[in-house]
Amino acid sequence: MPGNLELHCVLFVFLLSLTPRLVEILMLKYKIVPVTPYQQNCSVVWCEQTKEAAVIDPGGEIERIIAEVKALQLTVTKILLTHGHMDHVGGTSQLKALLDVPVIGPHKEDLFWLAALDQQAQMMNFAPVQSFEPDQWLNDGDTLSLGQCVFEVLHCPGHTPGHVVLFERGAQLAFVGDVLFKGSIGRTDFPRGDHAMLVNAIKTKLWPLGDQVRFVPGHGPMSTFGEERLHNPYVGNYG
Ligand SMILES: [Zn+2]
Ligand SMILES: [Zn+2]
C-alpha cells in the first residue's frame with residue numbers, strides 16, 4: 001500500500017529529525033569559570049535532564065562559582081579534582097563547607113601535593129589554605145555518574161603523579177586539567193614530574209578516545225584531540 005509506505009517514510013523522517021534534539025537534551029552541559037590570577041578553567045558541569053551538577057577544579061573565587069550555579073539553577077552533588085595543584089584545588093574546602101558535598105579525586109599519588117598546600121600557597125602567592133584529603137581517591141577505570149551522564153576516569157601521570165582526566169563519552173568531552181593544552185602540554189619540572197610519562201599518557205590514553213573529542217584544558221582555550229594530534233609541537237604527528 002503506497003499510501004501507508006509514504007506515511008511510514010514521513011514518520012521515519014520526523015523521528016530522525018527529533019534525534020539530535022533528544023541527544024541535545026541528554027547531553028552533558030558545561031560552563032567554564034576561569035578563576036585565580038592563573039585563569040584556571042574551573043568548570044561547572046551538569047546533566048541537562050536532572051540539573052545535577054559537579055564543580056571541577058574549584059581553584060578559588062568561590063563566590064563566582066556559586067553565582068554561576070545559582071544562575072543556572074543547578075544542584076551540585078560533588079566536587080571533582082584533576083590534580084593537587086593550588087590553582088585547581090585552592091577553593092575546595094571553602095566550597096565543600098558551603099555546599100556540603102563530597103570531594104572526589106585526584107588519584108592518591110597526589111596526596112603529597114594536597115599535604116603541601118601551605119607551601120604551595122606561599123610559592124604561588126595565594127592566601128593560606130588548610131591541607132585536606134578528598135572523600136574519595138580516583139583510580140584509572142573508575143566511573144562517576146552525574147544524573148544521566150557518566151564520567152570515565154583516566155589516570156594520566158606526568159604533570160603530577162596523581163593527575164586524572166575526566167571523560168564523558170556521550171558528550172565526547174574531556175576535562176584534562178594540566179595534562180594537555182591547545183598547542184602545549186603540562187609542565188614536568190615539579191617534584192615527581194615526568195615528561196616521558198606525560199607524553200606516553202597523552203598518546204596511549206587520550207588519543208585512542210578519538211580525534212573528535214573536545215577538551216577543556218586547565219588553562220587557555222579549548223581544542224580537540226584531533227587538532228592537537230596534528231599541530232601540537234610536543235605530542236603532534238610532526239612534533
Ligand atoms: Zn598543575
Ligand atoms: Zn594549572
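# Reading helix H2 and its sheet

Q: What covers the buried residues of H2?
A: Their cover includes strands S1, S2, S3 and S4, together with helix H4. A residue is buried if 20 or more other C-beta atoms, placed from the backbone, lie within 10 Å of its own; with 12 or fewer it is exposed, and in between it is partly exposed. Helices (H or I, at least four residues) and strands (E, at least two) are DSSP runs, numbered from the N terminus. This is a predicted model, in which local features need pLDDT of at least 70, side-chain atom pairs count only at pLDDT 80 or more, and totals for chains, interfaces and linings use all residues. Residues are numbered from 1 along each chain as its sequence is written, while chains are lettered from A and ligands numbered from 1 in the order in which they are written.

Q: Which residues of H2 are buried?
A: An α-helix has 3.6 residues a turn, so residues three or four places apart point the same way. In H2, the buried residues are Ile-62, Ile-65 and Val-69. They span an arc of only 65° around the axis (taken from the directions from the helix axis to the C-beta atoms), which puts them on the same side of H2. Glu-63, Ala-67, Lys-70 and Ala-71, on the other side of H2, are exposed.

Q: What order do the five strands of the open sheet have?
A: The order is S1-S2-S3-S4-S5, and the pairing is mixed; two strands pair if DSSP finds at least two bridges between them. S1 (28–35) and S5 (103–104) are at the edges with a single partner strand each, so one side of each has no neighbour in the sheet. S1 is antiparallel to S2 (residues 40–47), with eight bridges between them. Val-33 has Cys-42 in S2 as its bridge partner. Helix H2 (residues 62–71) packs on this sheet and touches S1, S2, S3 (52–56) and S4 (75–80), its direction making about 155° with that of S1.

Q: Where does helix H4 lie?
A: H4 (residues 92–99) lies across S3, S4 and S5, at about 150° to S4. Such angles run from 0 to 180 degrees between N-to-C directions, with axes fitted to C-alpha atoms, for helices over the stretch in contact. Two residues are in contact if their C-beta atoms, placed from the backbone, lie within 7 Å.

Q: How many residues has the largest nonpolar core?
A: A nonpolar core is a set of buried Ala, Val, Leu, Ile, Met, Phe, Trp, Tyr and Cys residues joined through C-beta atoms within 7 Å. The largest one here has 57 residues, and those with the most contacts inside it are Ala-54, Val-55, Val-165, Leu-166 and Ala-174. S2 supplies the largest share of this core, five residues. Leaving out residues up to four places away in sequence, Val-165 touches partners including Leu-154, Phe-175 and Leu-206.

Q: Where is phi positive in a residue other than glycine?
A: Most residues other than glycine have a negative phi, and most peptide bonds are trans. Thr-36 has a positive phi, near 70°, and sits in the loop between S1 and S2. Gln-39 is in the loop between S1 and S2, with phi near 50°. Thr-36 counts as partly exposed because it has 19 C-beta neighbours inside 10 Å; Gln-39 has 13 and therefore counts as partly exposed.

Q: Which residues does a cis peptide bond join?
A: The bond joins Gly-105 and Pro-106, with omega about 0°. Pro-106 is in the loop between S5 and helix H5 (111–115).
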